[in-house]
Amino acid sequence: MRITDIQRCEVRPGRLVEWTLSPATVAAAAGLPEDSRPPAYIQEAHIRTARSVRDGGLFVPTWLGTAFDLPGPADLGVLQEALRAWTVRHETLRSGFRWAGGEEDRLHRFTLDAGDVHLHRETVGDFVDAAALAGRLQDRFDAVADALRWPNLIYSAVVRPDSTSVYMAFDHSNVDAYSLHGIPAEIHELYTAGLQGRPAVVRTPPASYVDFCELERSDADRIDDRHDIVARWREFIRRCGGTLPGFPVGLGIEPGGPLPPQSMICEPLVDADAAAAFEAYCRPYGGSLVGLLAATGLIVHELGGQSVYRTVVPFHTRLKSRWSGSVGWFVGGAPIEVPVARTPDLPSALRAVRAELQASRPLARMPLARVLSLIGADFRPVSPDLYSIVSFVDARGIPGAGQWAGQKAYGLLRVSYGDQVCVWVNRLDDGLWLASRHPDTDTAAKNMRLYVERLRDLVLSPHT
């Protein structure tokens with residue numbers, strides 16, 4: 001699905017309805033004992049960063065969401081049950097965190113039983129102005145899907161005579177971008193089955209992300225500061241000047257200054273034929289991800305002059321099939337260093353990136369927050385993004401992908417504040433789609449526009 005923000009996802013007027021977890025569900029959660037399964041390192045780091053930024057006086061929303069259409073004016077009772085059934089399928093959505101009392105600065109988990117999860121529906125009213133409706137949706141998602149509160153999810157529907165648009169928002173601690181891709185098909189099937197009075201045809205309930213958190217954290221806690229993974233990250237950070245890498249072009253921000261507001265780019269990169277040709281060209285080197293990273297290395301060398309392109313490449317950690325349909329935050333990072341001053345063309349850059357990824361990808365299995373704690377590096381959490389990224393997903397094989405265009409399905413990102421550059425490229429049936437958020441400065445806007453144009457040129461160049 002296309003990645004965008006709430007202002008660009010075809011919001012249309014209609015009657016707004018909202019669902020949150022019911023007061024009875026919230027009350028049941030308040031009395032729960034501690035769940036012994038700990039937060040994932042990435043969850044804990046996210047929540048601690050949100051707290052640190054908030055304590056510094058800045059509210060930085062970090063929710064992710066999805067938007068898609070259902071045909072006709074929805075049966076709200078059936079839709080409510082579909083949303084509830086989907087929520088209880090994914091254990092992380094009925095699990096949250098509290099700070100331990102006293103002086104112990106520790107997060108502990110609580111988890112509701114599926115039977116205690118209920119939704120509360122409220123009809124907000126009719127909206128005739130699309131911009132006002134988008135603003136209302138964003139404001140409510142900011143307030144509810146917040147890292148420092150629970151529940152931190154909210155569902156909405158905009159009902160019209162010809163269609164109903166569904167919007168779902170979650171704090172990032174519960175979902176990654178990949179999790180969003182499976183939601184439209186699952187909700188469509190649950191809703192349609194409810195209308196037809198038949199059992200839903202859905203996959204076996206997926207493995208729990210809460211269980212994954214316990215397993216991953218147990219593995220991570222087995223290493224110490226002498227482990228090879230820690231040594232490699234320590235050396236990478238040293239070569240980055242003692243920090244994690246940003247996007248190596250001018251962004252027009254003041255070092256040590258306040259966190260700047262962000263802007264967003266959302267646009268098609270190339271069409272389906274060009275995407276297929278680029279993938280075919282890059283396949284001997286590892287595929288489109290390698291190609292995009294190689295092209296990025298060449299471009300930032302051209303724009304910024306750095307002799308080495310250093311970045312952290314995001315990889316999913318769904319290493320076993322049982323996690324493939326799970327909702328959660330299954331992401332790790334692998335550090336790479338590409339000597340772009342010695343790779344003057346795309347083929348040489350492709351070879352260099354391939355070698356770096358082969359050597360570094362296993363590092364993504366170890367949570368970076370655990371590694372940083374062992375290094376002892378003082379990364380004061382002042383931004384929700386520790387580093388800049390270039391991410392690639394071929395989404396065409398995800399269940400329901402063929403219906404996304406007709407459903408007006410989007411993955412939603414909140415654009416608020418940040419000093420990093422994040423680039424997401426998705427391969428869809430109609431080609432490559434690019435989304436990026438970056439500091440909202442004239443310098444960053446100019447250089448990111450140059451980056452996107454040069455990236456398009458390089459993606460097209462091998463076969464023109």
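A residue is called buried when its relative accessible area is under 20%. This cut-off is applied below to a predicted model. At 9% relative accessibility, F212 falls under that limit and therefore counts as buried. W323, with a relative accessible area of 4%, is buried because its value also lies under 20%.

These two residues form an aromatic pair, with 5.2 Å from centre to centre and 75 degrees between the planes, an edge-to-face arrangement. The pair links distant parts of the chain, since F212 belongs to helix α7 (residues 209-220) and W323 to the loop between β10 (309-316) and β11 (331-338), 111 residues apart. F212 and W323 also belong to one aromatic cluster, together with Y209 and F330.

The structure holds 11 aromatic pairs in total. Another of them consists of W63 and F141, whose ring centres lie 5.2 Å apart and whose planes meet at 85 degrees, so the pair is edge-to-face. This pair, too, connects distant parts of the chain: W63 is in strand β3 (residues 63-71), F141 is in helix α4 (residues 130-144), and 78 residues separate them. Both W63 and F141 are buried.

Aromatic rings also take part in arrangements with charged side chains. R51 lies over the face of W99, at 3.8 Å from the ring centre. In the case of F110, the charged end of R98 sits over the ring, 3.9 Å from its centre.

The description now turns to the strands. Strand β15 (431-439) is largely enclosed by the rest of the structure, because nine of its nine residues are buried. β15 pairs with β9 in the antiparallel sense over nine bridges. β15 is also joined to β14 by seven bridges, and these two strands again run antiparallel. A hairpin of two residues connects β14 to β15. Within the pairing of β14 (422-428) and β15, the bridge partner of W424 is A435 in β15.

Which residue of β15 stands opposite E267? The residue is L434. E267 itself is found in strand β9 (residues 262-271). Its relative accessibility is 15%, so E267 counts as buried. The side chain of E267 makes a polar contact of 2.7 Å with the side chain of R456. Leaving aside residues up to four places away in sequence, E267 touches W433, L434, R449, V452 and R456.

Helix α9 (residues 272-282) contains the buried residues A274, A275, F278, E279 and C282. Why are these residues on the same side of α9? They cover an arc of only 135 degrees around the axis, and therefore lie on one side of the helix. The elements against which the buried residues of α9 pack include the strands β9, β14 and β15. They also pack against the helices α10 (288-304), α11 (346-360) and α14 (442-460).

Key. Residues numbered from 1 in each chain as written. Predicted model: local features only at pLDDT ≥ 70, side-chain atom pairs only at ≥ 80, totals over all residues. Heavy atoms only, no water. Helix = DSSP H or I, 4+ residues; strand = E, 2+ residues; numbered from the N terminus. Buried < 20%, exposed > 50% of the residue type's maximum accessible area, 1.4 Å probe, protein only. Polar contact = N/O pair within 3.5 Å; in protein donor to acceptor, adjacent residues only side chain to side chain. Contact = heavy atoms within 4.5 Å. Arc of directions from axis to C-beta. Phe/Tyr/Trp six-rings, centres within 6.5 Å; stacked < 30°, edge-to-face > 60°. Lys NZ or Arg CZ within 6 Å of the ring centre and 35° of its normal. Pairing = 2+ DSSP bridges.
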